[in-house]
There are 2 protein chains.
Amino acid sequence: MKKVGVAILGLGVVGGGTYRILTEHREFYKTTQAVDVNVECVLEPNRDRLQELGVPDAIVAHNIAEVACNPDVNIVVECIGGVEAARDYVLDVLYGGKTVVTSNKELIAKYYHELERAAKRHNAGLYFEASCVGGVPIIRTLLDGVHSNKILSMMGIINGTTNYILTKMTEEGTSYEAALAEAQRLGYAEADPDADVEGFDAAYKLSVLSSLAFHTKIPYTKVLREGITGVTAEDIARGNALGYRLKLLAIAKQSDEGIEVRVHPAFVKKEHPLASVSGCNNAVFLSGDSVGDLMLYGKGAGDLPTGSAIVSDILYASTRTEPRYSTFKNNANPEKDVKFLTDFASAYYMRLTVNDKTGVLSKIAAIFGKNNISILELLQTPESDKATLVIVTHETHEQAIKNAVAKLNGSEIAKVETVLRVVS
Amino acid sequence: MKKVGVAILGLGVVGGGTYRILTEHREFYKTTQAVDVNVECVLEPNRDRLQELGVPDAIVAHNIAEVACNPDVNIVVECIGGVEAARDYVLDVLYGGKTVVTSNKELIAKYYHELERAAKRHNAGLYFEASCVGGVPIIRTLLDGVHSNKILSMMGIINGTTNYILTKMTEEGTSYEAALAEAQRLGYAEADPDADVEGFDAAYKLSVLSSLAFHTKIPYTKVLREGITGVTAEDIARGNALGYRLKLLAIAKQSDEGIEVRVHPAFVKKEHPLASVSGCNNAVFLSGDSVGDLMLYGKGAGDLPTGSAIVSDILYASTRTEPRYSTFKNNANPEKDVKFLTDFASAYYMRLTVNDKTGVLSKIAAIFGKNNISILELLQTPESDKATLVIVTHETHEQAIKNAVAKLNGSEIAKVETVLRVVS
């Protein structure tokens, strides 16, 4: 039986889950995959953590060279997180001809091409299913399941932390600050939550997924990125009343005009399959030219779900003699030819405070009309001497909305409190 | 660039979709997959169909030998349907060392092992993603996406025809007969609808999927199979009123006690992700020991969705030098050791007609109590001298329900009109 030696760099949440899955399933993989996968060594300085996981002293390495030079190690799992150190470590082991499996979305989004070159030069594999959407095999699906399709669009909830916060705000009417504090208490959000709540995490993942889907390089810097820190319980409640749920969506679309990639909060109709993806769950909704609509739904984070993706990559690599690159290899659209769209089409939700005087509504309507924005729904509620006006538009263009907002805020009649996109 | 020649046997719905995808995407696959896939020949006697698809005369073969002996053909797509002729054709081309891609679930459910032996002997590949759940890459997911997991259970809506019929009955209150006639008019159901409505199609698919999920052979004859021909609009409406939707479910579970595999109509809570899978859509809900819950949702049939699965298999086979078997190869649980359970746990919906007399309800309750069945919900509605009683039980055992039904029907007090399983 084929023997495969694995090293794990970093035994935090994901590294620890990977260790547990590999050690508990060793016999299972012998019978079902005809491969004996053994954890040959780990690199983890925290002795308490090593003890907690029951890691034998004999397999604890002291530095990366010990791992890179270990002839019994074929595959190295990178779970140390961060970027610069991880990059150095990964390059070290690729130079040694060892296959790398990583869950590090920032590393892949920033340095994939450099890592792939190193991997190919040394005939090593490079796998990163676990970097996007936890246990959901979205990368395998893009590469080996729907690669017969031109992917037209992709829309997903790909960050569990923000989805937890927005779900809590929706279901319990809590403020953003209270929901964030609760997420931190439960370990769903970091002490410094910016990577999640400002949309960086989702932007890295969207860069990776859209690059694979569209067969080109989509730098994360090209992703329009807006986080959820400005979201209010009031807007969530007003949207709910109109039949919408607020989600942090990652959206990628490809058309003859170009490519649009964006991460921002958006309302979706409550009947949409993504509306019911709640808490820490994730989902990706794809549209292909042959397969039509396809949705994958599952756990987007956690030790065992993300470990499941890592170990699936390990088994995939272990049972093949040729290294496969989860790859952006054949640039159907070389980056230089890609046109990134910034003025995309969307519907919009707007909340305005208006002076409750005769004729104000007709003036507001006129501003919308002049910008060719047509109104789908309108709800006015009185509040002492002012009124709150909630407007949902038909599909229009980002630039038209920006023009209308500038015009409204420049007038005496209304103040635009919130603008949120609406996805149909 | 690597060149791959494809032959298509049968240009019906799926074969035609495959032809269209391959011819329209040839340049796309050159740039994105670095492979030139060309349709070298087709076997289709219907000249009108050949003309409709614009197939050049030069590539029309006249018999299977012409295909099997064509040195430019590397991969043969079997879309002729049926079983015996398809088996002969597939064996012919496998003997010629050509890889086979098929959408034929009945063929795979009945003859997989014979075909796999032939494939291996001649170093040919054997792929059948398109045989289950149309364009949804469920087989790729089981084999290459979640193979790190012990799969605990699988529950799916895997037949589009019956889902269309049940959706129509649910949404419009139509009878089974009227919904079937409409499905036939729209081409969603065959003139002889038995394969779908009696659950054979779903049972073949469940045999294939559960064999892959549980790493053993699950013969389709072991699948408990009940169709939807006995389903009434009345029960659907009464279930709806209690918050349930009726679906034809395919269920497979594995535990220390054994394996249960069954296809039957069942009520699911309307909040369950499967409840909102309507019309011709399909979905599979998996539970793995590491990944947790995972759902795949998409189009379960149709020319292009199913063609998408076939062409994805073609590309998968084309870009690898070793043939991969979508395989039951390593029998962790050799068939002889598999214990198939028939007395499984479930909740139940029952509709009874009762004589509306004092004390009847307590007698009925006593019969349930004696069989250790506890009642979750009960709804009695009067109808002239009789009454209709709808009961939903807590989880109990199939055998307990059978005993209670026999006792009730043997009594003077009630007649059991319907028993349906309820999945939580």
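Modeller: Gladly! Let's start in the loop between helix 14 and strand 13 (375–383) of chain B, where B:N372 is found. Please keep in mind that this is a predicted model. B:N372 is not a glycine, and yet its phi is positive, at about 60°. Most residues other than glycine have a negative phi. As for its surroundings, B:N372 has 11 C-beta neighbours inside 10 Å, and because 12 or fewer count as exposed, it falls in that class.

On the helix 14 side of chain B, the contact is made by B:I364, B:I367 and B:F368, and helix 15 of chain B brings B:A404, B:K407 and B:L408. Sorted by class, this contact has 5 nonpolar residues, 1 charged residue and no polar ones.

A:A34 lies between helix 2 and strand 2 (35–43) of chain A, and it has a positive phi of about 55° although it is not a glycine. With 13 other C-beta atoms within 10 Å, A:A34 is partly exposed.

There is a helix pair to visit in chain A as well. The axes of helix 5 (residues 84–95) and helix 6 (residues 105–121) of chain A come within 10 Å and cross at roughly 20°, which makes helix 5 of chain A roughly parallel to helix 6 of chain A. This crossing, too, is right-handed. Helix 5 of chain A uses A:A86, A:R87, A:V90, A:L91, A:L94 and A:Y95 to meet A:L107, A:Y111, A:L115, A:A118 and A:A119 in helix 6 of chain A. By class, that contact has 10 nonpolar residues, 1 charged residue and no polar ones.

Finally, the two chains meet through 43 residues from chain A and 43 residues from chain B. Among the elements giving two or more residues to the chain A side are helix 2 (26–33) and strand 11 (292–299) of chain A. That side has 18 nonpolar, 19 polar and 6 charged residues. Strand 11 of chain A pairs with strand 11 (residues 292–299) of chain B in the antiparallel sense over 5 bridges; A:G298, for one, has B:L294 as its bridge partner.

Definitions and conventions
Residues numbered from 1 in each chain as written. Chains lettered and ligands numbered in written order. Predicted model: local features only at pLDDT ≥ 70, side-chain atom pairs only at ≥ 80, totals over all residues. Axes fitted to C-alpha atoms, helices over the stretch in contact; angles between N-to-C directions. Helix = DSSP H or I, 4+ residues; strand = E, 2+ residues; numbered from the N terminus. Parallel < 35°, antiparallel > 145°, perpendicular 65-115°, else oblique. Left-handed = near helix turned anticlockwise from the far one by under 90°. Contact = placed C-beta atoms within 7 Å. Nonpolar A, V, L, I, M, F, W, Y, C, P; charged D, E, K, R; others polar. Pairing = 2+ DSSP bridges. Buried ≥ 20, exposed ≤ 12 C-beta atoms within 10 Å, placed from the backbone.
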